[in-house]
Amino acid sequence: MRKNLYINGHWEEGENYSELKSPYSREVIAEIAQASTVQVNKAVDSAQEAFSKMKRLSSFERSTILDQLVNLLTANKDKAAEIISLESAKPLKFSIAEVDRTIETYKFAAEEAKRISGEVLPIDAAKNGVNKIGFTIHEPIGVIAAITPFNFPMNLVAHKVGPAIAAGNTIVLKPASQTPLSAIFLAELLAQTDLPKGAFNLVTGSGRVVGDALVEHEKVKMVTFTGSPEVGKNIKTKAGLKRVSLELGSNAGLIIDKEVDIDSIIDKCVNAAFSNQGQVCISLQRIYVHEQIIEEFTRKFKERTDQLVLGDPLDINTDISALISEGDLSRAKTWIDEAITEGAVLTTGGVIENQVLRPTILSNVGNTSKVSCQEAFAPVVTVNKISSVDEAIQQINDSIFGLQAGIFTNNIANASQAIKHLEVGGVIINDVPTFRVDHMPYGGVKESGNCREGIKYAIEEMTELKLVVWNHN
Ligand code: NAP
């Protein structure tokens with residue numbers, strides 16, 4: 001079935017179409033329009049024109065539009081979840097959870113639209129400010145280009161579209177080539193709301209053609225990108241003076257201190273390491289366990305991991321399905337084999353069954369093995385022994401990434417150490433680093449990014465601060 005571009009409130013045919021295949025069955029599921037540079041320019045022009053309407057909408061009107069979207073998505077939850085599973089091979093149970101989160105993200109956006117406010121400044125606190133007060137206003141920035149990854153094709157789009165509309169901006173969205181259907185579904189829903197025509201545009205196509213055209217367009221005021229560090233750096237280089245928000249990758253680490261009740265954390269660890277086949281930016285990739293409990297932990301972690309059900313993503317019982325591409329499958333397998341050659345011990349997994357990689361646990365993994373120091377983005381987790389929390393903190397910090405890290409501990413001093421010394425955007429005490437709810441500030445340091453999302457924080461990135469000084473004289 002052919003799927004078209006959505007520009008200025010109309011569905012427009014592409015000059016070319018590309019076959020979209022299910023990562024699991026490898027069957028063709030749609031034909032996707034590939035936008036030309038001319039069509040990308042048209043989408044940006046439409047967004048630029050619609051900006052004059054968007055910026056005149058009241059907070060109440062912008063919030064109402066987002067509420068309309070929440071209602072439409074709620075009424076179409078099952079369909080939305082099936083689309084995610086079909087195009088990305090995310091097991092249905094996780095797709096349903098993603099849709100629930102997406103609805104909540106848009107709800108937060110509807111609420112935040114009503115809370116965008118500045119502050120009053122005592123200008124007369126300065127010697128030369130006598131008789132003056134000041135205040136600040138957050139104004140929408142203009143046309144925002146949103147470029148999104150495959151792994152949460154609805155919720156990560158919501159993290160860009162929600163705050164952009166809440167703040168009164170207009171958007172041109174380029175979703176990942178493997179997951180355009182979720183974005184097309186969003187366009188179909190937005191078309192039924194009161195959003196002004198042209199305020200949301202969707203251009204599908206390759207990162208190189210569509211992405212480059214957006215990033216270099218002079219009318220685009222901001223690029224908000226979620227994806228790999230490699231592409232993120234490339235975008236930053238090409239974007240010139242535009243504002244650029246980057247949410248990038250990681251190799252998230254977890255510390256498990258001695259005296260932690262292992263039974264109470266096993267399910268969390270399994271879920272954090274393997275949900276969506278480990279294709280989560282804060283997927284649990286490196287676990288550092290105190291030497292006093294590592295044996296018990298590894299045994300129970302393996303037992304629970306081996307119970308995971310491999311299979312068709314559209315089957316509600318499936319826990320693990322196909323990786324996003326055959327290339328990623330062979331890359332992950334190669335990295336596992338390399339780590340074993342370098343001295344790691346295969347605790348479980350490491351084999352491919354019906355094109356699905358069995359969830360894999362590797363023990364005693366060297367810091368320089370790719371499964372440890374690079375982003376695995378596959379169902380692979382390392383478990384290493386530590387003799388103190390300090391040692392584990394050093395190991396976690398020995399990384400080019402710094403998105404989130406977690407620690408399970410009953411010791412207040414160790415929790416404090418973790419807060420103080422972990423070089424990450426978020427420290428999660430007594431939970432996995434994979435914990436995220438959609439209104440918290442979320443983002444990384446080092447090569448994990450340069451901004452914070454979470455609706456309120458994304459709105460700050462998507463607005464310009466205007467100062468007003470009022471002279472009473
Ligand atoms: P990716 O390969 O970097 O692609 C992300 C997006 O960038 C896609 O839409 C892609 O389009 C586009 N793109 C590719 N080349 C481009 C270019 N030259 N100019 C502009 N855009 C370009 O990432 P992915 O494989 O989809 O997603 C996985 C990565 O995302 C992981 O590193 C993961 O950690 C990261 N991630 C981070 C977060 C976070 O919040 N920090 C959340 C989720 C994922 P095509 O698909 O057409 O190539």
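Start by selecting Thr 360: with a relative accessible area of 0%, this residue is buried (buried means under 20% relative accessible area, exposed over 50%, partly exposed in between, using a 1.4 Å probe and protein chains only). You're looking at a predicted model, where local features need pLDDT of at least 70 and side-chain atom pairs count only at pLDDT 80 or more, while totals for chains, interfaces and linings use all residues. Residues are numbered from 1 along each chain as its sequence is written, and side-chain values use heavy atoms, with hydrogens and water left out.

Stay on Thr 360 for a moment. Thr 360 lies in strand E18, residues 360–363 (helices, H or I with at least four residues, and strands, E with at least two, are DSSP runs numbered from the N terminus). Now show what surrounds Thr 360: leaving aside neighbours within four places in sequence, its contacts include Phe 274, Ile 336, Leu 346 and Val 380 (contact means heavy atoms within 4.5 Å).

Next stop: the ligand. Click on Ser 228, where a polar side-chain atom lies 2.6 Å from an oxygen atom of the ligand. Then try Gly 207, which has a backbone N or O atom 2.9 Å from a ligand oxygen. On Glu 247, a polar side-chain atom lies 3.4 Å from a nitrogen atom of the ligand. How much of the ligand does the protein bury? Taken alone, the ligand exposes 910 Å², and the protein buries 86% of that (accessible areas come from the Shrake-Rupley method with a 1.4 Å probe; for residues, only the protein chains shown count as cover). To colour the shell around the ligand, pick helix H7 (207–216), strand E11 (220–226) and helix H8 (229–238), the elements that give two or more residues to it.

Move on to Pro 153, in the loop between strand E8 (143–147) and helix H5 (155–167). Is Pro 153 buried or exposed? Pro 153 is buried, at a relative accessible area of 3%. Select Val 99 as well: Pro 153 and Val 99 are 54 residues apart in sequence and 9.8 Å apart in space, C-alpha to C-alpha.

Finish with two loop residues. Arg 26, between strand E4 (16–21) and strand E5 (28–34), has a positive phi of about 65° although it is not a glycine. Arg 26 is partly exposed, at 28%. Phe 377 sits between helix H12 (370–373) and strand E19 (380–386); its phi is positive too, about 45°, and Phe 377 counts as buried at 17% relative accessibility.

Definitions and conventions: A polar contact is a pair of N or O atoms within 3.5 Å; within protein, one must be able to donate a hydrogen and the other to accept it, and residues adjacent in sequence count only if both atoms are side-chain atoms.
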